[in-house]
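Have a look at the picture first.

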Amino acid sequence: MIPKVSLSTRRHALRLTGLALAAIVASCATPPTHVSNTPANDETASALPLVNSLRAKNGLPPLKVDSAASNAAIYQAKRMADAGKMEHLIGIGDNFGKRVKASGVKLPAAENIAEGQRDVNAAVTAWINSPKHLHNMLGNYNGLGVALAYNPSSSDKPYWSMVLSSN
């Protein structure tokens, strides 16, 4: 036999459940401050001439190295490598704006991601050949960060991230 529970007890239990759920969601919505020790390389210096050449051909000013964008790109490349998947949003409550702002990137900003390319030329070429990624690289930004991380559990599959910033 199921014991009877008063309406006020049920309401209290529901409130506690709601508060617990809100706390879980809130903890997931904030990007973690630590990513695993997955190796990652800052590839900004190698990518910058390629992106600036593209921008010059389109009559746009050059981008400059932005250390905050580089940090955000490294963070995202590591996250993708850790997860073994190429996605902008990884995990419940992930938010691009909050994630890059946590690295010091001012909004507006944009992010290009790729997987599988073995060098920076191939990654930038893949982005150029993708209309949405090309649009980002030709956008009204002035800073750049590019990173590469490998997934050791999948034959060192490369994961790339580019962050374009307004810094």
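In this predicted model, helix α2 has a set of buried residues: T44, A47, L48, V51, N52, L54 and R55. Where do they sit around the axis of α2? They cover an arc of only 155 degrees, so they end up on the same side of the helix.

How does the length of α2 work out? The helix runs over residues 44-57, which makes 14 residues, and at 1.5 Å a residue it should span 20 Å. Its end C-alpha atoms are 20 Å apart, so the expectation and the model agree. After α2 comes G59, with a positive phi near 70 degrees. For comparison, most residues other than glycine have a negative phi.

Next, the charged pairs. Side chains of opposite charge can pair when their charged atoms come close. How many salt bridges turn up in a search of the whole structure? There are two.

One of them joins the side chains of R99 and E111, at 2.8 Å from N to O. R99 belongs to helix α4 and E111 to strand β3, so this pair links distant parts of the chain, 12 residues apart. Are the two partners buried or exposed? R99 counts as buried because its relative accessibility is 2%, and E111 is buried too, at 6%; the cut-off for buried is under 20%.

The other salt bridge brings together the side chains of E115 and K157, at 3.1 Å from N to O. E115 lies in strand β3 and K157 in strand β5 (residues 157-165), so the pair ties together parts that are 42 residues apart in sequence.

One last stop is the loop between α4 (96-102) and β3 (110-115), which is where P108 is placed. What is the peptide bond from L107 to P108 like, cis or trans? It is cis, with omega near 5 degrees. In general, most peptide bonds are trans.

Conventions. Residues are numbered from 1 along each chain as its sequence is written. This is a predicted model: local features need pLDDT of at least 70, side-chain atom pairs count only at pLDDT 80 or more; totals for chains, interfaces and linings use all residues. Side-chain values use heavy atoms; hydrogens and water are left out. Helices (H or I, at least four residues) and strands (E, at least two) are DSSP runs, numbered from the N terminus. A salt bridge is a side-chain nitrogen of Lys or Arg within 4 Å of a carboxyl oxygen of Asp or Glu. Buried means under 20% relative accessible area, exposed over 50%, partly exposed in between (1.4 Å probe, protein chains only). The expected span of a helix is 1.5 Å times one less than its number of residues. The arc is that of the directions from the helix axis to the C-beta atoms.
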